[in-house]
Structure formats: structure tokens, C-alpha cells
Amino acid sequence: MRKLLLCTAAIAVFGATASRAEAQATRNTTINLQIPELLFIDVTQDNLTLPTPDFAEFDAGFTSTIGHSVRHRGNVDHTITVAPATGVTIWNGPAASTKPATDLQWSLNSSDWNIVTAAVDVGLGVKGGFGVNPDIPVAWRSAVGYSEPIGSYSIVVTYTATPN
Amino acid sequence: MLERGLKWMDGRSALRGLAGLLVLAAATPAEAQFSVSPVIVQIPATEEAPVQLSVLNEGENAMQFRAYALDFDMSGSGEHTYWEHGSRESSCGERLRIAPDAFTVPAGQAATVAVSLAPGALDRTCWSMVLVETSGSSEGTILVNQRIGVKLYGLSGIADISGEVLAGTVTVDSAGLEVGFTVQNDGAWPLRPNGVVEIRDVHGTVVASSRVDAFSVLPERERTIQVAVNHADLDPGRYLAVPILDFGADFLSGTQIDFRVEE
């Protein structure tokens with residue numbers, strides 16, 4: 001019984017010593033974090049069908065409008081531009097048609113209209129999420145004329161988000 | 001055309017304009033949302049390992065992408081102009097490799113695009129824009145592509161970071177106080193300065209300030225920046241606007257612009 005007690009005491013002392021040694025050990029750990037510049041874009045509707053024009057619109061020279069919104073965010077200031085897709089100068093339409101891409105117009109307020117030619121800014125974004133980068137509402141319409149060939153037309157436009 | 005447009009807004013057509021706005025408000029849920037990181041990449045002259053771009057599909061359907069390059073330049077006001085890749089003297093041209101150049105990303109997942117530059121041209125910096133693009137539906141009148149641009153710089157062999165803030169202007173009116181200044185990049189490496197615009201009174205005390213977030217200035221180019229400053233508490237009198245920028249060099253650069261707030 002005495003031996004057992006001594007052994008137990010020795011273990012207790014060793015254990016305490018070992019425990020102190022662990023408590024005193026220090027080890028530095030470096031935690032690395034790389035924060036990249038990132039951007040997000042989302043056009044809420046990626047295919048729009050302009051309303052079929054009636055006589056009133058032919059007389060007015062334009063279709064009525066349709067629109068969508070551009071959502072964007074990033075941790076860098078950025079620019080949102082829109083342009084005809086690369087190489088697009090005319091609408092895809094009937095064989096005899098050469099409806100120019102410049103018939104397509106966009107607006108941020110359905111009042112001031114812009115022709116789509118080269119890339120133009122539709123909005124600026126700042127560092128931040130959706131809360132500090134409001135959606136950009138963009139309305140579209142097309143010039144129409146009585147002399148245009150009858151048929152279905154389509155055109156491709158490209159929105160681009162670019163870091164400033 | 002503008003005349004026709006204004007005419008179009010008259011009468012009953014104005015109602016159609018309103019209908020268009022309602023369409024905007026009722027836009028369908030997000031269809032093709034994605035993000036790319038990083039969107040600014042600098043590759044040292046001797047670095048051959050590719051940089052990995054992460055393309056994250058944040059939508060609910062699989063998305064198809066293509067990745068390609070264009071040459072670009074920036075105007076003094078920060079607008080980007082694009083050209084066919086390899087057509088500009090500043091282009092990274094055939095040194096640039098992008099793989100894969102077409103890929104599909106399932107909903108909620110990310111794909112990696114490797115971008116690298118073959119060794120060469122240690123004496124000059126090149127730049128190109130890598131564009132990650134997705135196409136929308138093929139049915140409709142107006143079909144929308146979306147893309148995110150990644151600025152890629154192939155740095156020259158010797159670090160050359162040099163810039164200065166040129167003289168600026170201050171505009172004070174009922175709309176607010178705006179400080180404009182021009183940054184000139186004198187070096188061979190692109191700059192990405194950031195800093196602060198301080199408004200100081202005649203005693204040198206800072207009475208207002210506004211942060212200047214990082215912006216890009218290409219080598220041997222200038223960039224003009226406009227910074228709005230809250231001046232609601234400024235009493236009439238003389239002040240100095242002091243833009244102070246950190247270019248990443250071992251010194252800060254600034255200038256001062258004298259202006260007056262009238263009664």
C-alpha cells in the first residue's frame with residue numbers, strides 16, 4: 001500500500017510537471033488572408049421582347065418600352081457599360097433588312113434616350129454590396145418605320161462590369 | 001431621333017412610358033448572376049505560374065461562359081475603350097494565355113480560369129482586359145450578354161512606381177463642394193492610388209475630409225478624379241483643399257488648392 005501511494009504521488013508530480021511544460025510552450029501561427037478584388041453583375045432579365053408596334057407607334061417612330069435592371073456589387077469602384085455585342089452593327093432580321101443597331105435606344109428614366117453605339121456608361125458602382133449600389137433600371141425601345149421589311153428582329157447587347 | 005423621342009413621350013405615349021417603368025419594377029427574378037475574382041491582376045515579368053480567376057455562378061441554373069481578351073485603354077475621366085486583342089502597342093498580345101476559354105459552371109458552383117503570361121518584354125509593361133462573358137437566352141428581341149472585365153498587367157522587370165498629383169480645382173455651389181485633381185503616372189508600372197482629400201482652414205486645421213477610393217492609372221497616362229466633400233459646416237472664408245494620395249511608393253504625394261466659401 002505504501003509503494004502504491006508513492007507511485008501515485010510520483011505520477012501526480014510528473015503529471016503536474018508535464019502539465020506546466022505544456023502550459024508554458026508557445027508556438028506562433030501565422031494566419032494569412034488574401035482579399036481579392038471582386039465584382040458581381042446580374043441583369044434581371046437577359047432576353048427582352050419589345051411590344052409589337054401598332055400604327056400609333058409607327059407614326060410616333062418608336063416602339064413602346066420594355067426594361068430590366070442591372071444589379072451589381074464589388075469591393076472596388078467599378079463601371080457598368082452597355083454596347084452592341086462585338087461586331088454587331090445591324091439587327092438580325094429578314095434577309096432584305098439592314099435595320100441599323102443605332103435604332104435601338106436605352107434610357108435610365110424613360111425620358112432621355114441614348115443610341116447604343118460604342119460602350120457607354122449606364123452607371124457607376126462603388127465599394128459595397130447591393131445596399132450601397134442601387135439596381136440600375138434600364139428601359140429599351142426601338143425606332144420603327146413604315147419602310148422596314150416585315151419580320152422578326154433581334155439584337156444582342158452586352159453589359160460589362162469593369163474595375164475602375 | 002431625339003425630336004421623335006420627345007414627341008413620342010407626348011399624349012397617350014406617355015402612358016406607355018409609364019407602363020415601361022412598371023415593367024422595370026416587375027422584372028423577373030435574377031437569371032444569370034455571377035462574380036469573378038480577382039478582377040485586377042499584376043503578373044511579374046519572371047512569373048510563369050498562372051493566376052487563377054474564380055468564376056462563381058450565383059444563379060439557379062448552369063451557365064456557359066467564354067473567356068477572351070481585348071486590348072483596352074482608359075481616358076482621363078476613366079472610361080474604357082476596347083480594341084481587338086493584340087492590335088495595340090501596349091497589348092500583352094500573344095504572351096497571354098487563357099485556359100479554358102469556354103466552360104460551363106453548375107448553379108452555385110465556381111470554376112477556375114488560368115491566366116498566364118509567357119516570359120518576355122522585360123523592359124515594358126503590357127496590359128489587356130480578360131473578359132469572362134455569359135450569353136443569355138437566344139429568344140427575344142433584345143438578347144443580353146453579361147461580362148466582367150479583369151484588368152491584366154504584365155509588369156516590366158524593374159519596379160517603377162512613380163506618380164504625382166497635378167494641380168486641381170474646387171467647385172463650390174449649392175449642390176456641394178467638389179474637388180477635382182489630376183494624377184499623372186510617370187512610371188512604367190500601373191498605379192492604383194488611394195487616399196484622402198482634406199479641407200483645411202487658414203490655421204491648417206482639418207475641417208472636413210473625404211476618402212479617395214483606389215482607382216487605376218495606366219503607365220504614362222493621366223487620370224482626373226472628382227471627389228465630393230461634405231461642406232455643410234464650413235463657414236464663409238478661405239480654405240485649402242489638399243488631396244493626399246498613396247501610390248504604393250515610399251512617399252505620399254499631394255497638392256493644395258486654394259478656394260473660398262462665399263457668404
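How do strand S9 of chain A and S10(B) pair, parallel or antiparallel, and over how many bridges? They pair in the parallel sense, over 7 bridges. Strand S9 here is residues 155-163 of chain A. One pair to look at: A:Ala161 has B:Ile148 as its bridge partner in S10(B). Two strands count as paired if DSSP finds at least two bridges between them. Helices (H or I, at least four residues) and strands (E, at least two) are DSSP runs, numbered from the N terminus.

Some ground rules. This is a predicted model, where local features need pLDDT of at least 70, side-chain atom pairs count only at pLDDT 80 or more, and totals for chains, interfaces and linings use all residues. Residues are numbered from 1 along each chain as its sequence is written, while chains are lettered from A and ligands numbered from 1 in the order in which they are written.

Now the interface. On the chain B side, 49 residues are in contact with 51 residues of chain A. Contact means C-beta atoms, placed from the backbone, within 7 Å. Which elements of chain B supply at least two residues each? Helix H1 (2-8), helix H2 (12-25), strand S1 (32-37), strand S5 (80-84) and S10. S10(B) gives the most, with 9 residues. By class, this side of chain B has 22 nonpolar, 18 polar and 9 charged residues. For the classes, Ala, Val, Leu, Ile, Met, Phe, Trp, Tyr, Cys and Pro are nonpolar; Asp, Glu, Lys and Arg are charged; the others, Gly among them, are polar.

Strand S5 (residues 104-107) of chain A joins S6(A) through 2 bridges, antiparallel. A:Gln105 has A:Ile115 as its bridge partner there. In the loop between S5 and S6 of chain A lies A:Ser110. Is A:Ser110 buried or exposed? Buried, because 22 other C-beta atoms lie within 10 Å. The scale: buried is 20 or more other C-beta atoms within 10 Å of a residue's own, exposed is 12 or fewer, partly exposed is in between, with C-beta atoms placed from the backbone. From A:Ser110 to A:Gly128 is 18 residues in sequence, and 27 Å in space, C-alpha to C-alpha.

Next, chain B by itself. It has 2 helices and 18 strands. Of its 263 residues, 36% are buried. Take contacts between residues at least 6 apart in sequence: 65% of them join residues at least 24 apart.

Chain B divides into domain 1 (29-154) and domain 2 (163-261). Those bounds come from an automatic or database domain assignment. The domain centres, taken over C-alpha atoms, are 32 Å apart. Domain 1 puts 10 residues into the contact and domain 2 puts in 11. On the domain 1 side, strand S4 (63-74) and strand S10 (142-154) each supply at least two residues.

Three strands form an open antiparallel sheet, in the order S11-S12-S15. Strand S11 (163-173) and strand S15 (222-229) each have a single partner strand, so one side of each is left without a neighbour in the sheet. S11(B) and strand S12 (residues 176-185) share 9 bridges. Within that pairing, B:Val165 has B:Val183 as its bridge partner.

Terms used
Two residues are in contact if their C-beta atoms, placed from the backbone, lie within 7 Å.
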